[in-house]
Amino acid sequence: MSETNTAAVTELCPACGLCCNGVLFGDVELQPGDDAKRLSALGLPLERKGRKWRAAQPCACFNGKLRRIYAQRPIRCRTFECGLLKRAQAGEIEVAAALRAIKQARRHAEAVRKLLVQLGETDERLPLNRRYANVMAEPIDLAGDERIVELRGELMLAVHRLVQVLERDFLQV
């Protein structure tokens, strides 16, 4: 790995965590070559997904900066590089600008989380998309509490803004 690549990873990834904290992904499927028993013994809870194993997101081993099991993480986690990281490694974006993009995405994700909590979805063990789906699956009582209807509208807009940032900065390659 070049010096630019190493600098981008060491500065951006610990500041971000969106690929581990349940914002970008709902789960990570284990790949051939991943040792499910070893990963489980390291503290990564695994579940069946059809015939495959998966680790639910947010990652139980994520400590807010890097995973506790960073060196032994699953293959898919080791090989994933978001669009922002790739652009920083290629010199298309400065690390400082990438850090600002991360900060913006984390702000949008936090706004969504706060609205979810206000709407009663408090299970932080679920990925953001599942928490959002839980709230939106509830029927809207237009004759009920007007504030709930307003919060749901705010939530939809907040999720839209978050998705725009994620697609622009993190999911484009």
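Two strands count as paired if DSSP finds at least two bridges between them; strands are DSSP runs of E with at least two residues, numbered from the N terminus. The model is a predicted one, in which local features need pLDDT of at least 70, side-chain atom pairs count only at pLDDT 80 or more, and totals for chains, interfaces and linings use all residues. Residues are numbered from 1 along each chain as its sequence is written, and side-chain values use heavy atoms, with hydrogens and water left out.

On those terms, three strands make up an open antiparallel sheet, in the order 1-3-2. Strand 1 (27-29) and strand 2 (46-49) sit at the edges with a single partner strand each, so one side of each has no neighbour in the sheet. Neighbouring strands are turned by 40° against each other on average, direction ignored (axes are lines fitted to C-alpha atoms, and angles run from 0 to 180 degrees between N-to-C directions).

Now for the pairings. Strand 3 (residues 52-56) meets strand 1 in the antiparallel sense, over three bridges. Here Asp27 faces Ala56, while Val28 stands opposite Ala55.

Terms used: Helices (H or I, at least four residues) and strands (E, at least two) are DSSP runs, numbered from the N terminus.
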